[in-house]
Amino acid sequence: MPRPPLRRILVLDDYGAAAAAAADWSGLPVGFLTEKLDDAALAARVAAEGADALVLIRERSPFPAALLRRLPGLRLLVTTGMRNRVLDLAACDAAGIAVCGTASLASPTVELTWGLILSLARQLPQQERRLRDGLWQQGAGLGLEGATLSIAGLGRIGSGVAGIGRAFGMRLLAWSPNMTAATAEAAGATLVDKDTLLRQADILTLHLGLGPATRGILGAAELALMRPGALLVNTARGPLVDQAALIAALASGHLGGAAIDTHEAEPMPPGDPIRQAPNTRLTPHLGYVTRQNFSLYFEGAAACLRAWNAGIALPRPLNAAAEA
């Protein structure tokens, strides 16, 4: 059966107003929402605009079955990247909503991870602040050669982080709930248990997916196992770490610092207590935010939307409805 062309397309959660310039949207009835909407407001906006297709930027907005039921006119979802843990694909199939993904890069998050590691290890913001205040250097940072980098998770991003750690001459330890020794060895790391990963880390970097088994995987007990002065970097998912426990470990001086790119609530509320925690580097989920990655995301989204309108096979289908 021929597919009717899309009437209205909305790109959601475009906080940085970057999507419009990242692709050629010509000929597509597309609008860009730069504000965060709750489920009720989103359902009302979709209905008001008669939108039948949505483009999701990573996992900025969950799409559970309950929300999908409030969007009866929806026919197509495009999610940037090929995995979206907060999108209910089974519910999309049940509702006849096609879902497509796009190409993506792992390198932007790898690069940001190392920017944060270097900033923490060499105390760059503090040293720059002293210089701008008319002062000179104070203290000494952590050199990376010979230091222990503990990596939780060796997927595309974790493996990329490991490769740069090897280039710095670091000792690499790795762990995740299902990691094998062969996986660790392929990345140049040694597989250890979780407690050893924490106890021996000079720097611990997190690259785990978020699920019931990993939510809160670093709490007060786990942070207490880490060496005094150790550094923590999280460019994976904020809820992997118990924030109250992290703030306490920073305030006590047990942890030497933490760099956090991902947060429980995004955008972060103004009163979030992590904003006031000492020895932190906080970034607004920039891991995947590069011009090159956004070009892949949104050119891929536009290609899927045009394929729908042309009545041809949808690229990168993620559910059965997209293959029908």
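Reply: This is a predicted model. Arg45 and Glu49 are four residues apart in helix α1 (residues 39-49), so about one helical turn separates them, and their side chains meet in a salt bridge at 2.8 Å, N to O.

Me: How accessible are Arg45 and Glu49?
Reply: Arg45 counts as partly exposed, at 28% relative accessibility, and Glu49 also falls in the partly exposed class, at 25%.

Me: OK, and what does Glu264 pair with?
Reply: The side chain of Glu264 meets that of Arg215 in a salt bridge of 3.5 Å, N to O. Glu264 sits in the loop between β11 (255-260) and β12 (280-282), while Arg215 sits in the loop between β9 (203-206) and α9 (220-225), so this pair ties together parts that are 49 residues apart in sequence. Glu264 counts as exposed at 56% relative accessibility, whereas Arg215 is partly exposed, with a relative accessible area of 48%.

Me: How many salt bridges does the count come to?
Reply: The count comes to eleven salt bridges, taking a side-chain nitrogen of Lys or Arg within 4 Å of a carboxyl oxygen of Asp or Glu. One of them links the side chains of Arg306 and Asp24, at 3.9 Å, N to O. Because Arg306 belongs to helix α11 (residues 291-310) and Asp24 to the loop between β1 (9-11) and β2 (30-32), this pair ties together parts that are 282 residues apart in sequence.

Me: And the accessibility of Arg306 and Asp24?
Reply: Arg306 counts as partly exposed at 30% relative accessibility, and Asp24 is partly exposed as well, with a relative accessible area of 42%.

Me: Switching to sheets, what is the strand order in the open sheet of five strands?
Reply: The order is β2-β1-β3-β4-β5, with parallel pairing. β2 and β5 (98-100) stand at the edges with a single partner strand each, so one side of each has no neighbour in the sheet. From one strand to the next, the twist averages 20 degrees.

Me: Over how many bridges do β1 and β2 pair?
Reply: They pair over three bridges, in the parallel sense, and Ile9 stands opposite Val30 in β2.

Me: Which strands does α11 touch where it packs on the sheet?
Reply: α11 touches β1, β3 (53-56), β4 (76-79) and β5, and its direction makes about 160 degrees with that of β4.

Me: What does Leu206 touch?
Reply: Leaving out residues up to four places away in sequence, Leu206 touches Ala152, Leu218, Leu232, Val233, Asn234, Thr235, Ala236, Leu240 and Val241.

Me: Last one, what does UniProt list for residues 115-287?
Reply: The unreviewed UniProt entry lists residues 115-287 as "domain: D-isomer specific 2-hydroxyacid dehydrogenase NAD-binding". In the model, the chain over residues 115-287 is 32% helix and 17% strand, with its end C-alpha atoms 11 Å apart.

Conventions: Residues numbered from 1 in each chain as written. Predicted model: local features only at pLDDT ≥ 70, side-chain atom pairs only at ≥ 80, totals over all residues. Heavy atoms only, no water. UniProt positions renumbered as here; feature names shortened; annotations may be inferred. Helix = DSSP H or I, 4+ residues; strand = E, 2+ residues; numbered from the N terminus. Buried < 20%, exposed > 50% of the residue type's maximum accessible area, 1.4 Å probe, protein only. Pairing = 2+ DSSP bridges. Axes fitted to C-alpha atoms, helices over the stretch in contact; angles between N-to-C directions. Contact = heavy atoms within 4.5 Å.
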